[in-house]
Amino acid sequence: MAKKKTTKTSIKKATKKSTKTSSEDISDLEEVDQGEEVEEEQEEQVDQNEENDTAPEELAERSGIENTEDFGKASPFVVDSLNYDVKDLPGVGAATLKKLQDAGYGTLQSIAMTPQKTIMEDTGLGDKTTASIIQAARDTLHLTYVTADQVWERRKYLPRITTGSEKIDELIGGGVEVGGITEFFGEYRTGKTQLCHQLCVNVQLPRSEGGLEGRALYIDTEGTFRPERLIQMAQAKGMNVKDVLKNVFVIRAHTSQHQVLLVKNAIDTVSEKKINLIVVDSLIAHFRSEYISRGTLATRQQMMNQHIHDLIRLGNIYPELAIVITNQVQAKPDAFFGDPNRATGGHIMAHASTIRLYLRKGKGEQRIMIVKDAPHLPEGETVFTITEDGIGDA
Ligand SMILES: Nc1ncnc2c1ncn2[C@@H]1O[C@H](COP(=O)(O)OP(=O)(O)OP(=O)(O)O)[C@@H](O)[C@H]1O
Ligand SMILES: [Mg+2]
């Protein structure tokens, strides 16, 4: 695997203003109604942000690697997309450079793909300066249209992480893909956290065995990360347990604000620690418990929107990074037939994930995975198992 060294990024982000929480209690039903209203208002904002999240397919062109090998080999997109220096941008002097780096913008990608408003807020730089820096970063990276065949070349060799179940891998097109967000949602004990643990082990496997020879970063918001499970799963695969544990970086997010900050800072961690998988388990728990009154819902959706876009940007900046999030369900109040459960988080969550996978309980150790939303996959489902050895086929 020929991943070159990245240019150094410094930085830690300044803590943002604390967001108020309220203990005013309202029913879940009210939350749904209000959430929908607020989310509609937010759509415009979502769309605006999405415009700035164009994937850098141009990286493909610059890789210059003609890969005719089968899946399992390093992808041609393992290019040194970060080997450009912010200080080389026209108009970036020492003071501007410091402001950018202090705010976490250590790579051209992070500048090119972040909305101008966000960079201005984070750095304190002015309108004109940021506009010209963003333009210069985009020009340098040649972020422009690519043809469908170039996109196809990229997707053909898109590395994937095996889930441990051949049936699930088949269902989701070969495994959990890099560059986008995979969402597991379902009721308690349906296997969301188990799948996250398994992927932390599997990402370390050789490419020929469905891994990326990489490391994982686990943002644990519910305190349910268990190294014991990694040990069991690694042993079942005959992997070196010590190495497996050392390759998983775990951090507990104590509040939604902390969680947001951790993802912002991950832009450095990913390159420094050679991370190929980020897990946020669960993405929504803190947001749901902190923003419970009607009055705070708009703020919640706005914060979640930004948080999710931070994650999407990571996927754009690092073409070999898989992002896995978990989400809860809530019962649809008006469902008379079928499964009343739907994912929480409304439209904002729905639009964020590249692929949404719904988990349900089956008999005993059996679980069911259902493809709910994916741009390239038919709807489908499969049964898998959770045992001491981890995720497997039924
Ligand atoms: N060591 C083990 N051996 C066998 N099965 C296990 C083991 N550890 C966990 N499980 C299975 O995994 C289930 C828990 O799944 P998991 O923790 O992934 O749920 P979840 O979907 O994340 O739920 P929540 O919404 O509460 O976070 C247990 O109920 C059990 O069936
Ligand atoms: Mg869990």
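A residue is buried if 20 or more other C-beta atoms lie within 10 Å of its own. The exercises below apply to a predicted model.

**Exercise 1. How many residues of α9 are buried, and what follows for the helix?**

Step 1. Lys 192, Thr 193, Gln 194, Leu 195, Cys 196 and His 197 pass. Gln 198, Leu 199, Cys 200, Val 201 and Asn 202 pass as well.
Step 2. That makes 11 of the 11 residues buried, so α9 is largely enclosed by the rest of the structure.
Step 3. For context, 42% of the 394 residues of the protein chain count as buried.

**Exercise 2. Work out the strand order of the open sheet and find its edges**.

Step 1. The sheet has nine strands, and the pairing is mixed.
Step 2. The order reads β5-β4-β6-β7-β3-β10-β11-β12-β13.
Step 3. β5 (248-252) and β13 (390-393) each have a single partner strand, so one side of each is left without a neighbour in the sheet.
Step 4. On average, neighbouring strands are turned by 25° against each other, direction ignored.
Step 5. Zoom in on one pair. β6 (residues 275-281) and β7 (residues 322-327) run parallel, joined over four bridges. Val 279 faces Val 324 in β7.

**Exercise 3. Which strands does α9 lie across?**

Step 1. List them: β3 (181-186), β4 (215-220), β5, β6, β7, β10 (355-361), β12 and β13.

**Exercise 4. Where should the coordinates be read with caution?**

Step 1. The protein chain has a mean pLDDT of 79, and 78% of its residues reach 70 or more.
Step 2. Over residues 1-82 the pLDDT is below 50. Beyond near neighbours in sequence, this stretch still has 143 contacts in the model.
Step 3. Where pLDDT is low, predicted coordinates should not be read in detail.

**Exercise 5. Summarise the chain as a whole**.

Step 1. Count the elements: 15 helices and 13 strands.
Step 2. Take contacts between residues at least 6 apart in sequence: 72% of them join residues at least 24 apart.

Note on methods
Residues numbered from 1 in each chain as written. Chains lettered and ligands numbered in written order. Predicted model: local features only at pLDDT ≥ 70, side-chain atom pairs only at ≥ 80, totals over all residues. Buried ≥ 20, exposed ≤ 12 C-beta atoms within 10 Å, placed from the backbone. Helix = DSSP H or I, 4+ residues; strand = E, 2+ residues; numbered from the N terminus. Pairing = 2+ DSSP bridges. Axes fitted to C-alpha atoms, helices over the stretch in contact; angles between N-to-C directions. Contact = placed C-beta atoms within 7 Å. pLDDT = per-residue confidence, 0-100.
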